[in-house]
Structure formats: C-alpha cells, structure tokens
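Open the model in your viewer and keep the sequence panel beside it. Select each stretch as it comes up.

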Amino acid sequence: MTDPDLQKNDPDNPAQASEPVVSKPYIMPDDPETGSAEALAKEAAEARDKMLRTLAEMENLRKRTAREVADARLYAITGFARDVLDIADNLQRALDAVPAETRANADAGLKALIEGVELTERSLLNTLEKNGVKKFDPTGQKFDPNFQQAMYEVPDPSVPSGTVVQVVQAGFMIGERILRPALVGVSKGGAKQAPAANNDQSNSAA
C-alpha cells in the first residue's frame, strides 16, 4: 500500500512538490516606483538640498576662518604694543616736564628739541594706530570701570558725580579690546548722572 505522505516528500517526484509563491512588493502610494520620473525628481531635489547645505556650511567656515585669521593678525602684537606704550608714556612725560612759560621763551635749540620730541610721539602714535592700537582720552565722560581705572576722587559739585575730570595716564585700545585702561580722577559731590536709558528717553522726548 502506498503512503501518500511519502509521495508528497519524494525528491524523485518534483511534480508533487509545491513551488513557493513570490509576491510583488507592496509600494506605498507616496513612494514612487524606482526609475520613474517622479522618483528621479525627488532624488534630484534631495541632492540639490544637500548641495546647498554643504555650500552654506563651507561659506560659514570660510567666514569664520577669515575672522579668526584677522583676529590673530590684529591681536598677535598685543604684548609688543603694550611694551611700546612705555616709550609713548616717556615721551609724554618729557613734554609735560617743560613748563609752558619755558616753552614760550625757549631759544631755538630748545624749541627744536621740543618739536623733535613731539614729532617722535606723533609718529609713534600714528604707527600704533596703523596697527590697530588707538589712544583714548575719557575726560568729561561717565566713569566706566571696563575702560578706566579710578585713582582718586575729586570734589567738584559743578559736574555730575562719577564723571572723569582728570586723566593721569591715557588709555589704549587694540581692535575692540582694552589694551590698557586709562588712569583717571573721578568727580565727587555733584548730582548723580542719570542712567543711560533715562537719557535716551529724555532725548527722544525732546
């Protein structure tokens, strides 16, 4: 008697074996078929988006690198510029040491010497300015501890309290940074200065 199970599993009888059925993959309605015009357009749009992002990143990198190079070039001379300020201070002290009366009545030799010192000081300051180092004098301005260093207070009720009325030593900036704060004397006893916001409001109202 023949066993039907043996006939189904008989390797010599391939006709009896069931063939696997391969179903076509399901395609989502929003997913275009590969090779279609819509698929190619989608791939092109994605490629263009990636390209634009890459170009934007490269442009940002270029600008950042250029800014860092410019800062490095400007602030690399900070130490040297700070040392040169001592020379500028000594030239200014030499000029301040000559009284106005002596300067007015000086003979030709002394006048030539004074003019030579003044010319040297101006040339030094011009050279510093060409390299981004600028001198500033805060006389008459509101005291700002970020740019000035108060050495003493001056009783003066004629000006608002906290105003720079004397400059002992000029300050210097390098780029947008403080190279050396100005040494100043600050007024005491006058009316307090109004906050900056109030001043802006009063100016706009006027």
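This is a predicted model: local features need pLDDT of at least 70, side-chain atom pairs count only at pLDDT 80 or more; totals for chains, interfaces and linings use all residues.

Residues are numbered from 1 along each chain as its sequence is written, and side-chain values use heavy atoms, leaving out hydrogens and water.

Stop 1: Select them. Helices (H or I, at least four residues) and strands (E, at least two) are DSSP runs, numbered from the N terminus.

**Stop 2: helix H5.** Select residues 108-130. Now show the side chains of Ile114, Val117, Glu121, Leu124 and Leu128, which are buried (under 20% relative accessible area, with exposed over 50%, partly exposed in between, 1.4 Å probe, protein chains only). The buried residues of H5 pack against helices H3 (78-96) and H4 (100-104) and strands S1 (133-136) and S4 (171-174). Step just past H5: Gly132 has a positive phi of about 90°.

**Stop 3: the sheet S1-S4-S5.** These three strands form an open, antiparallel sheet in that order. Two strands pair if DSSP finds at least two bridges between them. S1 and S5 (177-180) are edge strands with a single partner each, so one side of each lacks a neighbour in the sheet. S4 and S5 pair over three bridges. In S5, Arg177 is the bridge partner of Ile174.

**Stop 4: the sheet S2-S6-S3.** This open sheet has three strands in that order, with mixed pairing. S3 and S6 (residues 182-188) pair in the antiparallel sense over four bridges. Val167 has Val184 in S6 as its bridge partner.

**Stop 5: Gln148.** Gln148 lies in strand S2 (residues 148-155). Is Gln148 buried or exposed? At 6% relative accessibility, Gln148 counts as buried. The Gln148 side chain reaches the backbone nitrogen of Asp144 at 2.8 Å. Beyond four places in sequence, the contacts of Gln148 include Pro138, Phe143, Val164 and Val184 (heavy atoms within 4.5 Å).

Methods:
The expected span of a helix is 1.5 Å times one less than its number of residues. A polar contact is a pair of N or O atoms within 3.5 Å; within protein, one must be able to donate a hydrogen and the other to accept it, and residues adjacent in sequence count only if both atoms are side-chain atoms.
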